[in-house]
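Here are some friendly notes to read alongside the model. Please keep the sequence and the 3D view open as you go through the points.

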Amino acid sequence: MNQKSRAVLASLAILGLLSGCASTVSAPPKWPEVNVEGAEEELPVGAELLQRSALQELVDGTVSSTPPWGSIRPDARPVEQRIPDIIERGRIVVGVGQYLNRLGFRDPLSGELEGFEIDLAKEIAQDIFGDPSKVEFRYVENRRREEALKTGDVDMVVRTWTITQPRQNTTEFSVPYLGISSKLMVMRDSGITEKADLKNKTICATRDSAPTRTIDGIDIGGLLITRTWTDCLLAMQRNQADAIFSDDAILSGLQAQDPSTTVIDTGESTSYYGVGMPAPTTGRRAEGLVMQVNSTIERIKADGTWDRLYEEWMQEYLGDPKSLPLKYRSEQENQEIYESRVQWLRNNTESPVSRIAGTINREDFHD
């Protein structure tokens, strides 16, 4: 047998093997079936459904109809004298949100934090250091805003924090940087057009949010409490909630994510977001920082920066902006807030800072 014949036989043998392999190849394995029945019945992680009878327990006094006191008026000192410790550190540490679309969120493509409140923090850094990048952002949940200030984890919090008089006992707020109103967001085909339509309906709000503490006054069937506002949107898309009750600034970001939703004006009065900093009742002092932040807010309102930021992030869904009062404390308010904070310390005997009640100086409460 010559070499050519052997090559032909070898080729035939290989073809035979391949044919045999082909004939013995088993069918593709069957993957186990996933049972999706009832998947949409599962609430978002950490969510809790409360019945109407339990809503009164959510009222904790942080929401008040009494207008808040004014903020601390900036003085003539340079920034180096107002906040020497921050200047020495070389950056400012700011607590923000990272899932609040249009306010403070992480861009999925770049991974960078963006939004109205993020840009406001950069403007504050610009006025302190001459460099908007000299800011360290740290994620802070709603429920941890006060704690983050007390422990010094952050210098300030720029995270949808509504200014109220009770909150001013433990938090020093800037002048307002955004006006907001509580509203409802529903699916366009829900048939809900006003608060009266909410009877026996399930409303969604996040734990520890201001709307959660005022919803007791609305006739509803139940309240779904979630960890985040995006969880509320998910629950409504799953038919686990009929409406979301929140500030219109937050709802604008949710509406941008789902165009099949609409926002209903419920006639609520205007409230305001402010930058939160530690009050003297926390054992920390931030008067100079409050002045510095207020100087920045004054500047961006005067030079058009605030208008540019609002148009970029909020105008499309909120429409024309609400006017922002530039309210600073009068001498009478200085006395009132001093007395309120002293009383707060005395009433909170279990608070770590209560031990300084009776020894803290009056001038520590205001400038």
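**Notes on the core and the rings**

1. The largest nonpolar core has 76 residues, and those with the most contacts inside it are Ile92, Phe116, Met156, Leu178 and Ile244. A nonpolar core here is a set of buried Ala, Val, Leu, Ile, Met, Phe, Trp, Tyr and Cys residues joined through side-chain atoms within 4.5 Å. Buried means under 20% relative accessible area, exposed over 50%, and partly exposed in between (1.4 Å probe, protein chains only). Helix 4, residues 116-129, gives this core its largest share, seven residues. Helices (H or I, at least four residues) and strands (E, at least two) are DSSP runs, numbered from the N terminus.

2. Before going on, please note how to read this. This is a predicted model, where local features need pLDDT of at least 70 and side-chain atom pairs count only at pLDDT 80 or more, while totals for chains, interfaces and linings use all residues. Residues are numbered from 1 along each chain as its sequence is written, and side-chain values use heavy atoms, with hydrogens and water left out.

3. Which residues does Ile92 touch, leaving aside its neighbours within four places in sequence? Its contacts (heavy atoms within 4.5 Å) include Ile86, Ile124, Ile128, Phe129, Met156 and Leu289.

4. Now for the rings. Rings of Phe, Tyr and Trp (its six-membered ring) pair if their centres lie within 6.5 Å; planes under 30 degrees apart count as stacked, over 60 as edge-to-face and the rest as tilted. The count by this rule is seven aromatic pairs. One of them is stacked: Phe116 and Tyr177, at 6.4 Å centre to centre with 25° between the planes. Phe116 sits in helix 4 and Tyr177 in the loop between strand 8 (171-173) and strand 9 (178-180), so the pair links distant parts of the chain, 61 residues apart. Phe116 is buried, with a relative accessible area of 1%, and for Tyr177 the value is 1%, buried as well.

5. Tyr177 also pairs with Tyr273, and this pair is tilted, at 6.2 Å centre to centre and 45° between the planes. Tyr273 lies in strand 15 (residues 271-273), 96 residues from Tyr177 in the chain. Ring pairs join Phe116, Tyr177, Tyr273, Trp306 and Tyr310 into a cluster.

6. Finally, have a look at Gln343 in helix 12 (residues 331-347). Gln343 is partly exposed, with a relative accessible area of 39%. Gln343 and Asn169 are 174 residues apart in sequence and 9.2 Å apart in space, C-alpha to C-alpha.
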